[in-house]
Amino acid sequence: MGSTPKKILIFGLSILAFIAVYFALFAPKTDSPETAENTVSDLPSNSSVYLSALTDLEGKAVTMDENKLIFLNVWATWCGPCNMEMPGIQKLYNQYKDHKKVDFYIVSDEDAETVNPFIARKGYQLPFYQFTGPYPPALDGNAIPRTYIIYKGKIIAQETGASQWDRPEVVELIEKQLAEI
């Protein structure tokens with residue numbers, strides 16, 4: 001290949017790289033979690049947003065309480081964006097951990113031998129769980145982190161990608177939902 005075609009190819013690849021970096025780092029992002037009305041399509045009536053086959057890190061079965069407001073985060077130890085948002089989740093959890101109407105589920109498909117050293121190293125005091133089954137259609141996705149706020153079988157808010165979960169808009173959303181419970 002001659003010098004001119006190489007220069008054109010390099011120029012074209014540079015433009016593509018610039019566009020990719022722009023959308024990855026600078027593209028506008030919403031300031032608050034998306035509401036369910038805007039993001040969740042009509043689900044079959046038999047579809048549940050609750051995870052079955054959920055266990056704690058000791059292998060004990062856990063059932064999600066449908067009568068509580070649920071904060072569900074799907075993550076992995078190796079996921080950079082997941083690690084970035086974890087301190088904000090910890091702060092939000094600290095604010096609501098004693099509230100009888102709120103449950104947090106920080107869920108990974110990784111085994112306890114992988115998750116426990118991560119928790120110990122980072123010092124998190126969050127309720128971590130393991131889930132290895134197929135996700136319900138409303139929660140299914142291939143991107144992590146994925147976060148959902150759920151009440152009575154309905155997704156109230158959801159967000160894919162890292163977010164700052166202790167920001168005022170999230171607290172306001174949770175408080176509004178708790179006032180209606």
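A disulfide is a covalent bond between the sulfur atoms of two cysteines. Here, a pair of cysteine sulfur atoms counts as one when they lie within 2.5 Å. Keep that in mind as you tour this predicted model.

**Stop 1: the disulfide**

Select Cys-79 and Cys-82. Their sulfur atoms are 2.4 Å apart, and the two residues form a disulfide. A search of the whole structure finds one disulfide, so this is the pair to look at, given the 2.5 Å cut-off. Now look along the S-S bond. Which hand does the disulfide of Cys-79 and Cys-82 have? The torsion is about 80°, so it is right-handed. Both cysteines are buried.

**Stop 2: strand β4**

Next, select residues 69–74, which make up strand β4. Is this strand buried or exposed? Six of its six residues are buried, so the rest of the structure largely encloses β4.

In a regular strand, side chains alternate between the two faces of the sheet.

**Stop 3: across to β5**

Follow the chain onward from β4. It passes through helix α3, residues 80–96, and reaches β5. This β-α-β crossover is right-handed.

Select β5, residues 102–108. β4 and β5 pair in the parallel sense, over six bridges. Find Ile-70 again: its bridge partner in β5 is Asp-103.

**Stop 4: strand β7**

Finally, select residues 146–151, strand β7. β7 pairs with β4 in the antiparallel sense, over five bridges. Which residue of β7 stands opposite Val-74? Look for Arg-146.

How values were computed. Residues numbered from 1 in each chain as written. Predicted model: local features only at pLDDT ≥ 70, side-chain atom pairs only at ≥ 80, totals over all residues. Heavy atoms only, no water. Buried < 20%, exposed > 50% of the residue type's maximum accessible area, 1.4 Å probe, protein only. Helix = DSSP H or I, 4+ residues; strand = E, 2+ residues; numbered from the N terminus. Pairing = 2+ DSSP bridges. Right-handed = clockwise from strand over helix to strand, strands pointing away.
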